[in-house]
Amino acid sequence: MQKKIAIINDISGFGRCSVTVALPIISYLGVQCCPVPTAILSNHMGYPNYFMDNYTDRMETYIGNWKSLGLRFDGITTGFLGSTQQIGIVKQFIRDFSRTDTMVIVDPVMGDHGRLYSTYTEELCSQMRELLGLAHIATPNLTEACRLADITYRDGVWRRKELYDMAGRIAAMGPDKVVITGITQGEFIANYVYERGAEPQIIRTHKAGAERSGTGDIFSSIIAADGVNGVPFHKSVRKASGFVKKCIQRTEEQAVPKPDGVCFEDILYQLKRN
């Protein structure tokens, strides 16, 4: 039977991010993608203006109908959550829709470049740590990992021991597998792969161009689909980081405006299913 992932995230109509990225990628990897919208935007917030319909007040009714249908999922993955109320709804969703073998993947979308998003409060950070208690896989970037682990962020070199300690603190909150993404190492971008009971790995790719919206969504979507498909974690991280690099290269070739994300559609066929 085909596997199913519930993805709890916003829907941005333009700009290639969140659900509009996750749905085609997860589907291409052979998994049915079932969105739970947290908000609906005309385009992501990186543009000069946007329309947004906050879906928080309708999430429980939407989810309640799924509950009446007796739905269950092989995977549940989360993206940006903008309030403690949304995080509370997500925690209850995981309890209601999980089976014993359901894989929960949390992408703690909190900030970047050493700064949290303006909407993120200390209370939200605390609630995100609680949500990680229900996760099997966590995919924080370096900024988010530092905040979650209560370690001071800095630019520059991070020693393996420091990254091991950081990932270990996050794993202690709940997830068995943690990948810390977006670690700059000279001309490389590195991902620190931590898996309980396995030797940690650093997987690096050459920098390919400017940072763009949606690359984190591509990465976490591959990790989620591979997770329910049983792909070994380190292989999935290597595949995801390599594919993101190819997407950025293709986008640079086409001189796509930075807010428009990456042209993953052009090379989706290169994404292997195992």
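This is a predicted model: local features need pLDDT of at least 70, side-chain atom pairs count only at pLDDT 80 or more; totals for chains, interfaces and linings use all residues.
## Sheet

Nine strands form an open sheet with mixed pairing, in the order S3-S2-S1-S4-S5-S8-S9-S10-S11. Its edges are strand S3 (52-54) and strand S11 (201-206), each of which pairs on one side only. Strands of a sheet pair through backbone hydrogen bonds, either parallel or antiparallel. Strand S4 (residues 73-78) and strand S5 (residues 98-106) run parallel and are joined by five bridges. Thr78 has Val106 in S5 as its bridge partner.

Helix H7 (residues 215-229) packs on the sheet. The strands that H7 touches are S1 (4-12), S4, S5, S8 (137-138), S9 (177-185) and S10 (188-195). The direction of H7 makes about 165° with that of S1.

In soluble globular proteins, nonpolar side chains tend to be buried together. The largest nonpolar core here has 45 residues, and Phe93 and Ile180 touch the most other members. Helix H3 (residues 84-97) gives the most to this core, with six residues. Another core, of 34 residues, lies apart from it and has Ile7, Ala224, Val228 and Phe233 among its members.

Leaving aside residues up to four places away in sequence, Ile180 touches Pro140, Asn141, Leu142, Ala145, Leu163, Met166, Ala167, Ala190, Asn191 and Tyr192.

## Glu162

Glu162 lies in helix H6 (residues 160-171). Its relative accessibility is 19%, and because buried means under 20%, Glu162 counts as buried.

The side chain of Glu162 has a polar contact with the side chain of Arg154, at 2.8 Å. The Glu162 side chain also reaches the backbone nitrogen of Arg159, at 2.9 Å. When residues up to four places away in sequence are not counted, Glu162 touches Arg154 and Val157.

## Arg58

Arg58 is placed in helix H2 (residues 56-68). With a relative accessible area of 36%, Arg58 is partly exposed, since that class covers values between the 20% limit for buried and the 50% limit for exposed.

A polar atom of the Arg58 side chain lies 3.1 Å from the backbone oxygen of Asn54. Pro37 is 21 residues from Arg58 in sequence, and the two are 9.2 Å apart in space, C-alpha to C-alpha.

Notes: Residues are numbered from 1 along each chain as its sequence is written. Side-chain values use heavy atoms; hydrogens and water are left out. Helices (H or I, at least four residues) and strands (E, at least two) are DSSP runs, numbered from the N terminus. Buried means under 20% relative accessible area, exposed over 50%, partly exposed in between (1.4 Å probe, protein chains only). A polar contact is a pair of N or O atoms within 3.5 Å; within protein, one must be able to donate a hydrogen and the other to accept it, and residues adjacent in sequence count only if both atoms are side-chain atoms. Contact means heavy atoms within 4.5 Å. Two strands pair if DSSP finds at least two bridges between them. Axes are lines fitted to C-alpha atoms, for helices over the stretch in contact, and angles run from 0 to 180 degrees between N-to-C directions. A nonpolar core is a set of buried Ala, Val, Leu, Ile, Met, Phe, Trp, Tyr and Cys residues joined through side-chain atoms within 4.5 Å.
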